[in-house]
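Thanks, everyone. Please have the sequence and the structure open.

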Amino acid sequence: MSQYQAVKGTKDIFPEESAQWKYVESVVHTLASLYGFNEIRIPVFEYTELFQRGIGSTTDIVGKEMFSFQPDPQGRSVTLRPEMTAGVMRAVLQHNLFSSAPVHKLYYIGELFRKERPQAGRQRQFSQFGAELLGVSSPAAVAEVITLMMHVFESLGLKGLKLRINTLGNTEERFRYREALQAYFAPFNEVLDDASKDRLEKNPLRILDSKNPALKELIAGAPRLYDFLNDASLQDFEKVLFYLSERHIPYEIDHRLVRGLDYYCHTAFEVTSSELGAQDAIGGGGRYDSLARELGSSSDVPASGFAVGMERLLITMEKQGLLASLNHPVPLVFVVVQQQELADHALAIAWRLRKAGISTEMDLAARSMKAQMREANRMKAAYALFIGANEYTTGSYSLKNLVSSEQQIFSLEALLEFLHESATKEVVD
Ligand code: HAM
(Lines give C-alpha, C1' and ligand atoms only; values in the text may rest on other atoms or scores of the structure.)
Protein backbone atom coordinates (compact mmCIF):
# COMPACT_ATOMS: atom_id res chain seq x y z
CA MET A 1 0.00 0.00 0.00
CA SER A 2 1.21 3.48 -0.82
CA GLN A 3 2.08 5.70 2.09
CA TYR A 4 -0.06 8.37 0.42
CA GLN A 5 -3.83 8.44 0.53
CA ALA A 6 -6.15 10.61 -1.53
CA VAL A 7 -7.14 13.79 0.30
CA LYS A 8 -10.23 13.40 2.51
CA GLY A 9 -13.36 14.25 0.54
CA THR A 10 -11.87 13.41 -2.87
CA LYS A 11 -12.41 10.27 -4.91
CA ASP A 12 -10.56 8.24 -7.55
CA ILE A 13 -12.64 7.19 -10.51
CA PHE A 14 -11.49 3.90 -12.00
CA PRO A 15 -12.20 2.71 -15.57
CA GLU A 16 -15.45 0.89 -14.84
CA GLU A 17 -16.87 3.98 -13.13
CA SER A 18 -15.39 6.22 -15.83
CA ALA A 19 -17.55 4.40 -18.35
CA GLN A 20 -20.59 5.34 -16.26
CA TRP A 21 -19.50 8.97 -16.09
CA LYS A 22 -18.94 9.07 -19.84
CA TYR A 23 -22.40 7.63 -20.42
CA VAL A 24 -24.08 10.30 -18.26
CA GLU A 25 -21.93 13.01 -19.85
CA SER A 26 -22.90 11.85 -23.34
CA VAL A 27 -26.60 12.14 -22.44
CA VAL A 28 -25.94 15.64 -21.06
CA HIS A 29 -24.10 16.72 -24.25
CA THR A 30 -26.83 15.31 -26.50
CA LEU A 31 -29.77 16.82 -24.63
CA ALA A 32 -28.11 20.19 -23.99
CA SER A 33 -27.55 20.60 -27.70
CA LEU A 34 -31.12 19.40 -28.42
CA TYR A 35 -32.30 22.41 -26.37
CA GLY A 36 -29.81 24.75 -28.06
CA PHE A 37 -27.24 25.06 -25.25
CA ASN A 38 -23.52 25.33 -26.09
CA GLU A 39 -20.69 24.18 -23.86
CA ILE A 40 -18.60 26.66 -21.90
CA ARG A 41 -15.38 25.81 -20.01
CA ILE A 42 -14.13 28.28 -17.45
CA PRO A 43 -11.12 28.35 -15.11
CA VAL A 44 -11.08 26.21 -11.99
CA PHE A 45 -10.09 29.20 -9.88
CA GLU A 46 -11.26 32.80 -9.82
CA TYR A 47 -10.60 35.88 -7.71
CA THR A 48 -12.19 35.35 -4.31
CA GLU A 49 -14.31 38.53 -4.52
CA LEU A 50 -16.23 37.02 -7.44
CA PHE A 51 -17.75 34.43 -5.12
CA GLN A 52 -18.07 36.80 -2.15
CA ARG A 53 -20.08 39.24 -4.29
CA GLY A 54 -21.82 36.64 -6.43
CA ILE A 55 -22.88 33.93 -3.97
CA GLY A 56 -23.21 36.25 -0.97
CA SER A 57 -20.89 36.80 1.97
CA THR A 58 -23.39 35.48 4.57
CA THR A 59 -23.86 32.10 2.87
CA ASP A 60 -22.25 28.92 4.25
CA ILE A 61 -20.35 28.46 0.99
CA VAL A 62 -18.58 31.82 1.24
CA GLY A 63 -18.46 31.94 5.04
CA LYS A 64 -16.80 28.61 5.67
CA GLU A 65 -16.51 26.34 2.65
CA MET A 66 -14.16 28.02 0.20
CA PHE A 67 -10.64 26.85 -0.59
CA SER A 68 -8.90 30.20 -0.93
CA PHE A 69 -5.21 30.98 -1.28
CA GLN A 70 -2.84 33.70 -2.40
CA PRO A 71 -0.75 32.68 -5.40
CA ASP A 72 1.63 35.63 -4.99
CA PRO A 73 2.77 37.00 -1.60
CA GLN A 74 1.23 40.42 -2.21
CA GLY A 75 -1.35 39.20 -4.72
CA ARG A 76 -5.12 38.98 -4.63
CA SER A 77 -6.70 35.97 -3.03
CA VAL A 78 -8.10 33.36 -5.41
CA THR A 79 -10.58 30.56 -4.70
CA LEU A 80 -11.16 27.14 -6.20
CA ARG A 81 -14.63 27.47 -7.72
CA PRO A 82 -17.35 26.23 -5.35
CA GLU A 83 -19.99 26.55 -8.11
CA MET A 84 -20.14 27.56 -11.76
CA THR A 85 -22.83 30.21 -12.12
CA ALA A 86 -20.76 33.20 -10.91
CA GLY A 87 -17.84 32.19 -13.14
CA VAL A 88 -20.06 31.76 -16.19
CA MET A 89 -21.62 35.19 -15.66
CA ARG A 90 -18.14 36.70 -15.12
CA ALA A 91 -16.93 35.20 -18.40
CA VAL A 92 -19.94 36.43 -20.37
CA LEU A 93 -19.67 39.96 -18.95
CA GLN A 94 -15.88 40.13 -19.26
CA HIS A 95 -15.99 39.14 -22.93
CA ASN A 96 -18.97 41.37 -23.62
CA LEU A 97 -20.93 38.54 -25.23
CA PHE A 98 -24.17 40.50 -25.07
CA SER A 99 -22.83 42.87 -27.73
CA SER A 100 -23.03 40.05 -30.27
CA ALA A 101 -26.30 38.41 -29.22
CA PRO A 102 -28.97 39.23 -26.62
CA VAL A 103 -29.38 35.65 -25.37
CA HIS A 104 -26.76 33.07 -24.41
CA LYS A 105 -27.53 29.46 -23.59
CA LEU A 106 -24.54 27.77 -22.01
CA TYR A 107 -23.94 24.43 -20.31
CA TYR A 108 -21.01 22.89 -18.50
CA ILE A 109 -19.64 19.80 -16.83
CA GLY A 110 -16.89 20.36 -14.30
CA GLU A 111 -15.26 19.97 -10.90
CA LEU A 112 -16.14 22.09 -7.88
CA PHE A 113 -14.58 22.46 -4.45
CA ARG A 114 -16.29 23.03 -1.11
CA LYS A 115 -14.73 22.57 2.31
CA GLU A 116 -17.69 20.65 3.73
CA ARG A 117 -17.55 17.76 6.18
CA PRO A 118 -17.24 14.71 3.89
CA GLN A 119 -19.97 12.07 4.14
CA ALA A 120 -21.95 9.86 1.73
CA GLY A 121 -22.81 12.05 -1.28
CA ARG A 122 -20.88 15.03 0.09
CA GLN A 123 -17.32 15.57 -1.04
CA ARG A 124 -14.77 18.34 -1.03
CA GLN A 125 -14.12 17.86 -4.72
CA PHE A 126 -17.25 16.98 -6.65
CA SER A 127 -18.67 17.48 -10.14
CA GLN A 128 -21.72 19.11 -11.57
CA PHE A 129 -23.32 19.47 -14.93
CA GLY A 130 -25.56 22.46 -15.38
CA ALA A 131 -26.97 25.03 -17.75
CA GLU A 132 -27.41 28.80 -17.68
CA LEU A 133 -29.85 30.72 -19.88
CA LEU A 134 -28.75 34.36 -19.90
CA GLY A 135 -30.58 37.40 -21.24
CA VAL A 136 -34.26 36.39 -21.00
CA SER A 137 -36.56 37.38 -18.16
CA SER A 138 -39.58 35.24 -18.98
CA PRO A 139 -41.09 32.34 -17.03
CA ALA A 140 -40.53 30.36 -20.25
CA ALA A 141 -36.78 30.62 -19.66
CA VAL A 142 -36.81 29.16 -16.17
CA ALA A 143 -39.27 26.51 -17.35
CA GLU A 144 -36.85 25.65 -20.13
CA VAL A 145 -33.92 24.99 -17.81
CA ILE A 146 -36.09 22.89 -15.47
CA THR A 147 -37.41 20.94 -18.46
CA LEU A 148 -33.89 20.23 -19.74
CA MET A 149 -32.81 19.04 -16.27
CA MET A 150 -35.83 16.77 -15.90
CA HIS A 151 -35.33 15.49 -19.47
CA VAL A 152 -31.80 14.38 -18.55
CA PHE A 153 -33.14 12.53 -15.48
CA GLU A 154 -35.85 10.88 -17.55
CA SER A 155 -33.43 9.83 -20.31
CA LEU A 156 -31.20 8.20 -17.72
CA GLY A 157 -34.22 6.25 -16.49
CA LEU A 158 -34.36 7.79 -12.99
CA LYS A 159 -37.57 7.31 -11.07
CA GLY A 160 -39.12 8.81 -7.95
CA LEU A 161 -37.27 12.14 -7.94
CA LYS A 162 -39.09 15.00 -6.28
CA LEU A 163 -39.05 18.51 -7.78
CA ARG A 164 -39.78 21.15 -5.14
CA ILE A 165 -40.35 24.69 -6.29
CA ASN A 166 -40.86 28.08 -4.68
CA THR A 167 -40.84 31.73 -5.57
CA LEU A 168 -38.58 34.20 -3.81
CA GLY A 169 -40.14 37.28 -5.40
CA ASN A 170 -38.18 40.39 -6.30
CA THR A 171 -35.64 42.30 -4.19
CA GLU A 172 -38.19 44.68 -2.69
CA GLU A 173 -40.59 41.88 -1.75
CA ARG A 174 -37.78 39.93 -0.19
CA PHE A 175 -36.70 42.99 1.78
CA ARG A 176 -40.16 43.37 3.31
CA TYR A 177 -40.26 39.66 4.02
CA ARG A 178 -36.85 39.81 5.72
CA GLU A 179 -38.21 42.40 8.09
CA ALA A 180 -41.28 40.29 8.81
CA LEU A 181 -39.10 37.24 9.52
CA GLN A 182 -36.87 39.24 11.87
CA ALA A 183 -39.94 40.48 13.73
CA TYR A 184 -41.30 36.90 13.93
CA PHE A 185 -38.11 35.20 15.15
CA ALA A 186 -36.81 37.98 17.45
CA PRO A 187 -38.99 37.03 20.48
CA PHE A 188 -37.68 33.43 20.21
CA ASN A 189 -34.04 34.43 20.51
CA GLU A 190 -33.63 32.05 23.49
CA VAL A 191 -34.87 29.07 21.46
CA LEU A 192 -32.73 29.75 18.38
CA ASP A 193 -29.45 27.91 17.96
CA ASP A 194 -26.21 29.86 17.42
CA ALA A 195 -26.28 29.52 13.64
CA SER A 196 -29.86 30.82 13.48
CA LYS A 197 -29.10 33.72 15.85
CA ASP A 198 -26.31 34.72 13.49
CA ARG A 199 -28.62 34.37 10.48
CA LEU A 200 -31.36 36.41 12.16
CA GLU A 201 -29.10 39.44 11.90
CA LYS A 202 -27.51 38.85 8.55
CA ASN A 203 -29.80 36.70 6.46
CA PRO A 204 -33.01 35.59 8.21
CA LEU A 205 -34.30 33.68 5.14
CA ARG A 206 -31.58 31.12 5.74
CA ILE A 207 -33.13 30.20 9.12
CA LEU A 208 -35.89 28.52 7.08
CA ASP A 209 -33.24 26.18 5.72
CA SER A 210 -32.19 25.00 9.19
CA LYS A 211 -32.08 21.22 9.66
CA ASN A 212 -32.32 21.56 13.47
CA PRO A 213 -35.37 19.46 14.54
CA ALA A 214 -35.84 21.67 17.61
CA LEU A 215 -36.69 24.60 15.30
CA LYS A 216 -39.01 22.70 13.00
CA GLU A 217 -42.26 23.85 14.59
CA LEU A 218 -41.12 27.44 14.96
CA ILE A 219 -40.08 27.54 11.31
CA ALA A 220 -43.39 25.99 10.22
CA GLY A 221 -45.24 28.90 11.82
CA ALA A 222 -43.11 31.62 10.21
CA PRO A 223 -44.66 34.04 7.71
CA ARG A 224 -44.56 32.94 4.08
CA LEU A 225 -42.80 34.95 1.40
CA TYR A 226 -45.68 34.07 -0.89
CA ASP A 227 -47.93 36.41 1.10
CA PHE A 228 -45.61 39.35 0.37
CA LEU A 229 -45.67 39.03 -3.41
CA ASN A 230 -47.34 41.46 -5.78
CA ASP A 231 -49.52 40.38 -8.70
CA ALA A 232 -46.73 40.47 -11.27
CA SER A 233 -44.54 38.13 -9.20
CA LEU A 234 -47.45 35.78 -8.54
CA GLN A 235 -48.34 35.64 -12.22
CA ASP A 236 -44.73 34.97 -13.14
CA PHE A 237 -44.66 31.98 -10.80
CA GLU A 238 -48.06 30.71 -11.97
CA LYS A 239 -46.80 30.77 -15.55
CA VAL A 240 -43.74 28.67 -14.68
CA LEU A 241 -46.04 26.14 -12.98
CA PHE A 242 -48.34 26.19 -16.02
CA TYR A 243 -45.44 25.24 -18.32
CA LEU A 244 -44.39 22.41 -16.01
CA SER A 245 -47.93 21.01 -15.85
CA GLU A 246 -48.27 21.24 -19.60
CA ARG A 247 -45.08 19.21 -19.97
CA HIS A 248 -46.24 16.60 -17.44
CA ILE A 249 -43.45 17.48 -15.01
CA PRO A 250 -44.75 16.82 -11.48
CA TYR A 251 -43.75 19.35 -8.83
CA GLU A 252 -44.49 20.22 -5.25
CA ILE A 253 -44.72 23.85 -4.12
CA ASP A 254 -42.59 24.28 -1.00
CA HIS A 255 -42.96 27.71 0.56
CA ARG A 256 -40.00 27.03 2.85
CA LEU A 257 -37.56 26.30 0.04
CA VAL A 258 -34.64 28.73 0.16
CA ARG A 259 -31.43 27.97 -1.61
CA GLY A 260 -27.91 28.06 -0.18
CA LEU A 261 -26.81 30.83 -2.55
CA ASP A 262 -28.01 34.43 -2.31
CA TYR A 263 -28.35 35.35 -5.97
CA TYR A 264 -31.82 33.92 -6.55
CA CYS A 265 -35.03 35.82 -7.22
CA HIS A 266 -38.48 34.65 -8.30
CA THR A 267 -38.43 30.92 -9.09
CA ALA A 268 -36.09 28.65 -7.13
CA PHE A 269 -36.19 24.86 -7.24
CA GLU A 270 -34.50 21.75 -5.95
CA VAL A 271 -34.70 18.08 -6.90
CA THR A 272 -34.31 15.46 -4.19
CA SER A 273 -33.90 11.71 -4.28
CA SER A 274 -35.13 9.51 -1.44
CA GLU A 275 -32.27 7.16 -2.33
CA LEU A 276 -29.67 9.63 -1.01
CA GLY A 277 -30.04 9.82 2.77
CA ALA A 278 -29.10 13.06 4.54
CA GLN A 279 -27.58 14.75 1.47
CA ASP A 280 -30.68 14.25 -0.63
CA ALA A 281 -30.45 17.20 -3.08
CA ILE A 282 -29.45 15.92 -6.48
CA GLY A 283 -29.82 19.28 -8.24
CA GLY A 284 -31.14 22.77 -7.91
CA GLY A 285 -31.30 26.19 -9.44
CA GLY A 286 -33.53 29.12 -10.22
CA ARG A 287 -33.61 32.63 -11.57
CA TYR A 288 -30.88 35.12 -10.68
CA ASP A 289 -31.46 38.47 -12.38
CA SER A 290 -29.29 40.60 -10.10
CA LEU A 291 -26.08 38.52 -10.17
CA ALA A 292 -24.72 40.50 -13.14
CA ARG A 293 -25.21 43.80 -11.30
CA GLU A 294 -23.50 42.35 -8.21
CA LEU A 295 -20.56 41.61 -10.49
CA GLY A 296 -20.39 45.19 -11.72
CA SER A 297 -22.71 45.25 -14.73
CA SER A 298 -24.57 48.55 -15.12
CA SER A 299 -27.90 46.74 -15.36
CA ASP A 300 -29.54 43.46 -14.38
CA VAL A 301 -29.12 40.54 -16.74
CA PRO A 302 -32.13 38.26 -16.43
CA ALA A 303 -30.90 34.70 -16.04
CA SER A 304 -31.99 31.19 -15.03
CA GLY A 305 -30.06 27.99 -14.54
CA PHE A 306 -29.58 24.72 -12.74
CA ALA A 307 -26.80 22.40 -11.64
CA VAL A 308 -26.89 18.68 -10.84
CA GLY A 309 -24.35 16.86 -8.69
CA MET A 310 -22.80 14.07 -10.75
CA GLU A 311 -21.79 11.90 -7.77
CA ARG A 312 -25.27 12.05 -6.24
CA LEU A 313 -26.82 11.36 -9.62
CA LEU A 314 -24.63 8.28 -10.06
CA ILE A 315 -25.36 7.04 -6.52
CA THR A 316 -29.09 7.29 -7.28
CA MET A 317 -28.66 5.52 -10.63
CA GLU A 318 -26.67 2.77 -8.96
CA LYS A 319 -29.38 2.27 -6.31
CA GLN A 320 -32.01 2.09 -9.04
CA GLY A 321 -30.00 -0.53 -10.97
CA LEU A 322 -29.44 1.80 -13.92
CA LEU A 323 -25.69 1.26 -14.18
CA ALA A 324 -25.62 -2.52 -14.20
CA SER A 325 -25.58 -2.92 -17.96
CA LEU A 326 -22.79 -0.45 -18.65
CA ASN A 327 -19.60 -2.16 -19.75
CA HIS A 328 -16.35 -0.54 -20.59
CA PRO A 329 -15.13 -1.18 -24.15
CA VAL A 330 -13.53 -4.52 -24.98
CA PRO A 331 -10.89 -5.10 -27.68
CA LEU A 332 -12.05 -6.67 -30.91
CA VAL A 333 -8.74 -8.49 -31.40
CA PHE A 334 -6.09 -9.87 -29.09
CA VAL A 335 -2.81 -10.53 -30.92
CA VAL A 336 -1.24 -13.75 -29.62
CA VAL A 337 2.48 -14.27 -30.20
CA GLN A 338 3.39 -17.93 -30.57
CA GLN A 339 7.16 -17.44 -30.55
CA GLN A 340 8.72 -14.50 -28.78
CA GLU A 341 11.21 -13.88 -31.68
CA LEU A 342 8.14 -12.73 -33.62
CA ALA A 343 7.04 -10.19 -30.99
CA ASP A 344 8.21 -7.23 -33.09
CA HIS A 345 6.32 -8.53 -36.10
CA ALA A 346 3.21 -8.93 -33.90
CA LEU A 347 3.62 -5.35 -32.65
CA ALA A 348 3.78 -4.15 -36.26
CA ILE A 349 0.57 -6.05 -37.07
CA ALA A 350 -1.17 -4.65 -33.97
CA TRP A 351 -0.14 -1.17 -35.09
CA ARG A 352 -1.56 -1.82 -38.60
CA LEU A 353 -4.85 -2.97 -37.10
CA ARG A 354 -5.15 0.03 -34.82
CA LYS A 355 -4.36 2.41 -37.67
CA ALA A 356 -7.22 0.75 -39.55
CA GLY A 357 -9.56 1.57 -36.67
CA ILE A 358 -9.69 -1.92 -35.17
CA SER A 359 -9.39 -2.01 -31.37
CA THR A 360 -6.47 -4.28 -30.62
CA GLU A 361 -4.72 -5.56 -27.51
CA MET A 362 -1.48 -7.43 -27.06
CA ASP A 363 0.68 -8.74 -24.25
CA LEU A 364 3.81 -6.61 -23.90
CA ALA A 365 5.36 -8.72 -21.14
CA ALA A 366 6.55 -11.70 -23.25
CA ARG A 367 4.32 -14.15 -21.40
CA SER A 368 3.48 -17.71 -22.47
CA MET A 369 0.83 -18.39 -25.09
CA LYS A 370 -1.40 -19.85 -22.41
CA ALA A 371 -1.11 -16.66 -20.35
CA GLN A 372 -1.85 -14.57 -23.45
CA MET A 373 -4.99 -16.60 -24.19
CA ARG A 374 -6.10 -16.23 -20.58
CA GLU A 375 -5.67 -12.47 -20.89
CA ALA A 376 -7.61 -12.37 -24.19
CA ASN A 377 -10.52 -14.18 -22.51
CA ARG A 378 -10.35 -12.02 -19.40
CA MET A 379 -10.60 -8.90 -21.57
CA LYS A 380 -13.49 -10.51 -23.46
CA ALA A 381 -11.79 -9.93 -26.84
CA ALA A 382 -13.91 -11.14 -29.74
CA TYR A 383 -10.99 -12.65 -31.69
CA ALA A 384 -7.48 -13.97 -31.14
CA LEU A 385 -5.03 -13.38 -33.99
CA PHE A 386 -2.12 -15.85 -33.95
CA ILE A 387 1.36 -14.76 -35.01
CA GLY A 388 3.66 -17.75 -35.54
CA ALA A 389 6.49 -18.73 -37.89
CA ASN A 390 4.02 -19.95 -40.48
CA GLU A 391 2.09 -16.67 -40.53
CA TYR A 392 5.33 -14.75 -40.71
CA THR A 393 6.67 -16.59 -43.73
CA THR A 394 3.44 -17.11 -45.68
CA GLY A 395 1.79 -13.78 -44.87
CA SER A 396 -1.49 -15.55 -44.01
CA TYR A 397 -2.95 -15.13 -40.57
CA SER A 398 -5.10 -17.36 -38.45
CA LEU A 399 -7.99 -15.67 -36.64
CA LYS A 400 -10.01 -17.45 -33.97
CA ASN A 401 -13.49 -16.38 -32.92
CA LEU A 402 -13.29 -16.68 -29.15
CA VAL A 403 -17.01 -17.28 -28.75
CA SER A 404 -17.62 -19.93 -31.45
CA SER A 405 -13.98 -21.20 -31.55
CA GLU A 406 -14.24 -21.08 -35.36
CA GLN A 407 -10.86 -20.45 -37.00
CA GLN A 408 -10.20 -18.79 -40.39
CA ILE A 409 -7.08 -17.98 -42.44
CA PHE A 410 -6.70 -14.56 -44.08
CA SER A 411 -4.14 -12.57 -46.02
CA LEU A 412 -3.31 -9.36 -44.19
CA GLU A 413 -5.45 -7.35 -46.58
CA ALA A 414 -8.45 -9.67 -46.25
CA LEU A 415 -7.94 -9.72 -42.48
CA LEU A 416 -8.11 -5.94 -42.28
CA GLU A 417 -11.24 -5.92 -44.39
CA PHE A 418 -12.93 -8.66 -42.35
CA LEU A 419 -12.10 -7.05 -39.01
CA HIS A 420 -13.08 -3.64 -40.24
CA GLU A 421 -16.48 -5.01 -41.17
CA SER A 422 -16.82 -6.70 -37.74
CA ALA A 423 -15.86 -3.46 -36.00
CA THR A 424 -18.48 -1.49 -37.93
CA LYS A 425 -21.09 -4.18 -37.25
CA GLU A 426 -20.28 -4.04 -33.51
CA VAL A 427 -20.74 -0.31 -33.42
CA VAL A 428 -24.09 -0.58 -35.26
CA ASP A 429 -25.29 -3.42 -33.00
P1 HAM B 1 -26.12 23.95 -5.39
O2 HAM B 1 -27.47 23.60 -4.90
O3 HAM B 1 -25.19 24.55 -4.45
O4 HAM B 1 -26.37 24.91 -6.63
O5 HAM B 1 -25.45 22.66 -6.03
C6 HAM B 1 -26.11 21.89 -7.02
C7 HAM B 1 -25.89 20.41 -6.73
O8 HAM B 1 -24.50 20.11 -6.60
C9 HAM B 1 -26.49 19.92 -5.41
O10 HAM B 1 -27.87 19.67 -5.55
C11 HAM B 1 -25.70 18.64 -5.18
O12 HAM B 1 -26.24 17.57 -5.95
C13 HAM B 1 -24.33 18.99 -5.74
N14 HAM B 1 -23.42 19.30 -4.62
C15 HAM B 1 -23.30 20.46 -3.95
N16 HAM B 1 -22.35 20.38 -3.00
C17 HAM B 1 -21.85 19.12 -3.07
C18 HAM B 1 -20.83 18.40 -2.35
N19 HAM B 1 -20.11 18.96 -1.38
N20 HAM B 1 -20.60 17.11 -2.69
C21 HAM B 1 -21.29 16.51 -3.69
N22 HAM B 1 -22.26 17.14 -4.40
C23 HAM B 1 -22.53 18.43 -4.11
C24 HAM B 1 -25.38 25.48 -7.36
O25 HAM B 1 -24.23 25.14 -7.33
C26 HAM B 1 -25.90 26.54 -8.33
N27 HAM B 1 -24.74 27.09 -9.05
C28 HAM B 1 -26.94 25.99 -9.26
C29 HAM B 1 -27.41 26.98 -10.27
C30 HAM B 1 -27.05 27.06 -11.55
N31 HAM B 1 -28.25 27.98 -10.03
C32 HAM B 1 -28.40 28.67 -11.15
N33 HAM B 1 -27.68 28.13 -12.07
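This is a predicted model, and its chain is divided into domain 1, residues 15-169 plus 229-319, and domain 2, residues 333-428. The C-alpha centres of domain 1 and domain 2 are 48 Å apart.

Now the sheet. Eight strands make up an open sheet with mixed pairing, and the order is β1-β5-β6-β11-β10-β9-β7-β8. At the edges stand β1, residues 38-39, and β8, residues 252-253; each has a single partner strand, so one side of each has no neighbour in the sheet. For β8, the pairing with β7, residues 162-167, is parallel and runs over two bridges.

On to the helices. Helix α1, residues 15-34, packs on the sheet and touches β1, β5 and β6, with its direction at about 160° to that of β5. Helix α9, residues 231-246, lies across β7, β8, β9 and β10, and runs at about 160° to β7.

Last, the ligand. Which strand gives the largest share of the shell around the ligand? That is β10, with five residues. β6, β10 and β11 each supply at least two residues of this shell. In total, 26 residues surround the ligand, and the closest are E83, E116, Q123, E132 and Y264.

A polar side-chain atom of R114 is 2.9 Å from a ligand oxygen, and a polar backbone atom of G309 lies 3.3 Å from an oxygen of the ligand. The protein covers 96% of the 660 Å² of accessible area that the ligand has on its own.

Notes:
Residues are numbered from 1 along each chain as its sequence is written. This is a predicted model: local features need pLDDT of at least 70, side-chain atom pairs count only at pLDDT 80 or more; totals for chains, interfaces and linings use all residues. Side-chain values use heavy atoms; hydrogens and water are left out. Two strands pair if DSSP finds at least two bridges between them. Helices (H or I, at least four residues) and strands (E, at least two) are DSSP runs, numbered from the N terminus. Contact means heavy atoms within 4.5 Å. Axes are lines fitted to C-alpha atoms, for helices over the stretch in contact, and angles run from 0 to 180 degrees between N-to-C directions. Domain bounds come from an automatic or database domain assignment. A residue is near a molecule or strand if one of its heavy atoms lies within 4 Å of it. A polar contact is a pair of N or O atoms within 3.5 Å; within protein, one must be able to donate a hydrogen and the other to accept it, and residues adjacent in sequence count only if both atoms are side-chain atoms. Accessible areas come from the Shrake-Rupley method with a 1.4 Å probe; for residues, only the protein chains shown count as cover.
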